[in-house]
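Subject: Structure handover and findings

Hi,

Here is the structure I promised to pass on. Please load it first, then read the notes below.

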Amino acid sequence: MISMGIRENWMRIRERIERACRYSRRSPEEIKVLVASKYMDEGTIREIFSLGLNIFGENQIQAAQRKMRNLSDLPISWHFIGHLQTNKINRFLSLDFRLLHSVDRVDLIYALNKRAESKGKKVKVLLEVNLHKEKTKHGFSEEKELWSAFELINEKMQFIECVGLMTMAPLGADERVLRDIFSKVRTLANKMGLAEISMGTSGDFDIAIQEGATIVRIGSAFLNST
């Protein structure tokens, strides 16, 4: 049984996606909705899954492990969207994450590749970009550093595959700043020949779609009451 609030919220989210796609002459089928489920219990995840959504993102390894176990009967595609500490890599690799959104430093690249090799497992990743150089956020803040990380993965890391870029826009930023950040990330992804661009959250995913996002991370918009 799906609660009326979640169903109505999903209808509003879809309307925003469709409106953004019309504005940018894109198809809604191009957009992957990742449900950011950090603050959702298993029952809520089941409700949202029953609406036809199957990509869920978790920020913490321990919580993800519990939810994966309790929801193992559902064919969910789990993504890790949090900051991955080096000492959590082994636990990360033991879980069935389809995509890591937050590769934000070179030492993580080396450590992840080494441990993935020992397990014979290839990991798909997004490189995290912090073009606004926010101190509270992680990611590559210089284009030169980003390119170096990208080339390192492509040329030397046999157990990591970079499939795209990810960014988190400054909280409360005005539309001009958002568009500038999102468009720069799209341009970089295009130059690198990368298919996936993960950007936009509940408050700004419309703008992110207009500027080229292929994955939007939506959490609170599913839960907020009107």
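E42, I45 and R46 in α2 meet R66, K67 and N70 in α3. By class, that contact has one nonpolar, one polar and four charged residues. Keep in mind that this is a predicted model.

**α2 and α3**

Two packed helices are described by the angle between their axes and the distance between the axes. For helix α2 (residues 42-49) and helix α3 (residues 61-70), the angle is about 60° and the axes are 10 Å apart. Angles of 65 to 115 degrees would count as roughly perpendicular, and under 35 as roughly parallel. α2 and α3 are therefore oblique to each other. The crossing of α2 past α3 is right-handed.

**How α2 sits**

How many of the eight residues of α2 are buried? Six are, so α2 is largely enclosed by the rest of the structure. The buried residues are E42, T44, I45, E47, I48 and F49. They pack against α1, β1, β2, α3, β3 and α9 (220-223). E42 and I45 are also among the α2 residues that meet α3.

**How α3 sits**

In α3, the buried residues are I61, A63, A64, K67 and M68. Their arc around the axis is only 160°, which puts them on the same side of α3. An α-helix has 3.6 residues a turn, so residues three or four places apart point the same way. Exposed residues Q62 and R69 are on the face of α3 turned away from its buried side. What covers the buried residues of α3 includes α2, β2 (55-58), β3 (77-80), α4 (89-94) and β4 (97-103).

M68 lies in helix α3. Is M68 buried or exposed? Its relative accessibility is 11%, so M68 counts as buried; the cut-off for buried is under 20%. Leaving aside neighbours within four places in sequence, M68 is in contact with W78, L95, D96 and F97. For a distance reference, M68 and H138 are 26 Å apart in space, C-alpha to C-alpha. In sequence, M68 and H138 are 70 residues apart.

**α5 and α6**

Next, another helix pair. Helix α5 (residues 106-119) and helix α6 (residues 143-156) pack at about 15°, with axes 10 Å apart. That angle makes α5 roughly parallel to α6. The crossing of α5 and α6 is right-handed. From α5, the contact takes V106, I109 and Y110; from α6, it takes A149, L152 and I153. Which classes do these residues fall into? The contact of α5 with α6 has six nonpolar, no polar and no charged residues.

**α6 and α7**

α6 also packs with helix α7 (residues 175-192). Their axes come within 12 Å and cross at roughly 35°. This crossing is right-handed. On α6, the contact is made by E143, L146, W147 and F150. On α7, the contact is made by L188, K191 and M192.

**Two loop residues**

R25 lies in the loop between α1 (4-24) and β1 (32-36). R25 has a positive phi of about 55°, although it is not a glycine. Its relative accessible area is 80%, so R25 is exposed.

G82 is in the loop between β3 and α4. At 5% relative accessibility, G82 counts as buried. Not counting residues up to four places away in sequence, G82 touches E58, N59 and S102. G82 and R46 are 36 residues apart in sequence. In space, G82 and R46 are 21 Å apart, C-alpha to C-alpha.

**To look at in the viewer**

- The oblique contact of α2 with α3, with its four charged residues.
- The contact of α5 with α6, with six nonpolar residues.
- R25, for its positive phi.

Best wishes

Definitions and conventions: Residues numbered from 1 in each chain as written. Predicted model: local features only at pLDDT ≥ 70, side-chain atom pairs only at ≥ 80, totals over all residues. Heavy atoms only, no water. Axes fitted to C-alpha atoms, helices over the stretch in contact; angles between N-to-C directions. Helix = DSSP H or I, 4+ residues; strand = E, 2+ residues; numbered from the N terminus. Parallel < 35°, antiparallel > 145°, perpendicular 65-115°, else oblique. Left-handed = near helix turned anticlockwise from the far one by under 90°. Contact = heavy atoms within 4.5 Å. Nonpolar A, V, L, I, M, F, W, Y, C, P; charged D, E, K, R; others polar. Buried < 20%, exposed > 50% of the residue type's maximum accessible area, 1.4 Å probe, protein only. Arc of directions from axis to C-beta.
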